[in-house]
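Please look through the sequence and the three-dimensional model shown below before reading on.

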Amino acid sequence: MSETTIGGIAGRMPKFIRRADPAVLTAFACIVLLLFVGSLYSRSFLSPEYLLQQLKVASFLGVIATGMMLVILLGQIDLSVPWSVAVGAMMASAMAAFGPVGVALAIPFGIFCGVLIGIVNGIGVAYLRIPSMIITLATNAVAQGLMVVYTGGFSPQDSATRAMRYLATGFAIPGVPNAVIIWALIGAAMVFVLTRTGFGRAVYGIGNRERAAYLSGIDTRRVVMIAFAVSGGLSAFGGVLLAGYASKAAQSMGDAYLLPSIAAVVLGGTSILGGRGSYLGTVAGVILITLLQSILSVMQMPEAGRQIIYGVVIVAMLLLYGRAPASR
């Protein structure tokens with residue numbers, strides 16, 4: 001087939017397909033493939049009820065992955081996600097024990113604790129110039145230690161509030177879980193920030209070349225700190241939703257979300273080197289990871305096998321999308 005013929009075919013394709021990121025199209029193609037594979041194991045895999053349940057489960061990962069995407073767009077990484085999630089869940093549940101005022105402040109307090117963790121990460125990366133991998137791993141360890149001291153090493157006894165359970169499991173719109181609505185609102189806000197605000201343009205600019213962004217007048221340190229604060233807050237909010245879903249917090253509840261949140265962002269075509277990626281790709285990556293988890297559960301794949309698969313996925317995507325030349 002000649003180049004002229006190929007060009008003619010491409011020209012007749014819808015504009016949104018021609019302009020779409022190949023990585024995003026690949027992710028959605030993989031979703032269709034997983035749906036087909038899942039239907040071979042169970043006829044109920046394609047039922048509306050099951051798919052809606054999977055979308056509800058994906059919402060928790062989607063909220064957490066939104067913050068992770070913001071950090072990765074900067075060319076950084078946030079490894080404090082596991083205990084940011086746990087701290088948000090545990091502190092929100094703990095605040096509920098302080099009477100009506102505590103119940104009212106439970107959700108904001110849980111998110112605030114995650115924001116504090118993010119601010120510490122942001123200060124370390126932006127102002128102290130500590131590599132993000134090191135500082136976020138350190139804050140994760142500190143948060144873990146503080147929570148172990150708080151609980152005495154035992155399972156948290158505090159329960160989630162009614163509002164937390166309603167956000168995670170309720171239906172403000174008949175047939176649509178609240179968790180899905182929350183993810184959609186957070187996603188819409190992130191799309192607006194990344195595409196319509198100076199902060200979003202600064203994030204992409206820093207991810208492409210931080211020094212050039214600084215010389216152009218962008219306060220790169222402030223942008224980096226805000227991005228990490230948002231990541232911490234969204235991780236904690238994800239923990240609040242998970243606590244509401246399970247009716248209580250657990251110390252290890254965030255461990256299962258670190259690799260999937262990174263994998264979802266990278267699978268959606270966001271460059272691990274920063275500066276390139278779209279939120280639609282992250283949405284596709286989240287859904288893809290959730291469906292993959294569901295199929296692995298049906299296949300009774302042990303947790304160790306799942307972690308191996310996530311690691312292989314990240315390495316493969318790094319080889320595909322992370323080899324573009326980038327100057328810093």
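What radius of gyration would a compact globule of 328 residues have, and what does the chain have? A compact globule with 328 residues would have a radius of gyration near 20 Å, and the chain has 20 Å, which agrees; here the radius is taken over C-alpha atoms, and the globule rule is 2.2 Å times the number of residues to the power 0.38.

This is a predicted model, in which local features need pLDDT of at least 70 and side-chain atom pairs count only at pLDDT 80 or more, while totals for chains, interfaces and linings use all residues. Residues are numbered from 1 along each chain as its sequence is written, and side-chain values use heavy atoms, with hydrogens and water left out.

**The whole chain**

The secondary structure comes to 15 helices and 0 strands, where helices (H or I, at least four residues) and strands (E, at least two) are DSSP runs numbered from the N terminus. Along its principal axes, the C-alpha trace spans about 75 × 55 × 35 Å. Buried residues make up 48% of the 328 residues, with buried meaning under 20% relative accessible area, exposed over 50%, and partly exposed in between (1.4 Å probe, protein chains only). Among contacts (heavy atoms within 4.5 Å) between residues at least 6 apart in sequence, 77% join residues at least 24 apart.

A search of the whole structure finds 1 aromatic pair. The rings of Phe60 and Tyr245 have their centres 5.2 Å apart and their planes at 55°, so the pair is tilted; rings of Phe, Tyr and Trp (its six-membered ring) pair if their centres lie within 6.5 Å, and planes under 30 degrees apart count as stacked, over 60 as edge-to-face and the rest as tilted. This pair links distant parts of the chain, since Phe60 belongs to helix H4 (residues 48–73) and Tyr245 to helix H12 (residues 220–246), 185 residues apart.

Thr66 also has its place in helix H4. Not counting residues up to four places away in sequence, Thr66 touches Trp183, Ile186, Met190, Leu234 and Tyr279.

In helix H10 (residues 198–208), the residues Gly200, Ala202, Val203, Tyr204, Ile206 and Gly207 are buried. The buried residues of H10 pack against H4, helix H9 (178–196), helix H11 (210–215) and H12.

**Residues in loops**

The loop between H6 and H7 holds Arg129, and Ile130 is found in the loop between helix H6 (99–127) and helix H7 (132–151). Ile130 touches Gly124, Val125 and Ile135, not counting residues up to four places away in sequence. Ser247 lies in the loop between H12 and helix H13 (258–267).

Most residues other than glycine have a negative phi. Arg129, although not a glycine, has a positive phi of about 60°, and Ser247, likewise a residue other than glycine, has a positive phi near 75°.

**Accessibility of the named residues**

The table gives the relative accessible area of the residues discussed above.

| Residue | Relative accessible area | Class |
|---|---|---|
| Phe60 | 1% | buried |
| Thr66 | 0% | buried |
| Arg129 | 53% | exposed |
| Ile130 | 26% | partly exposed |
| Tyr245 | 36% | partly exposed |
| Ser247 | 33% | partly exposed |
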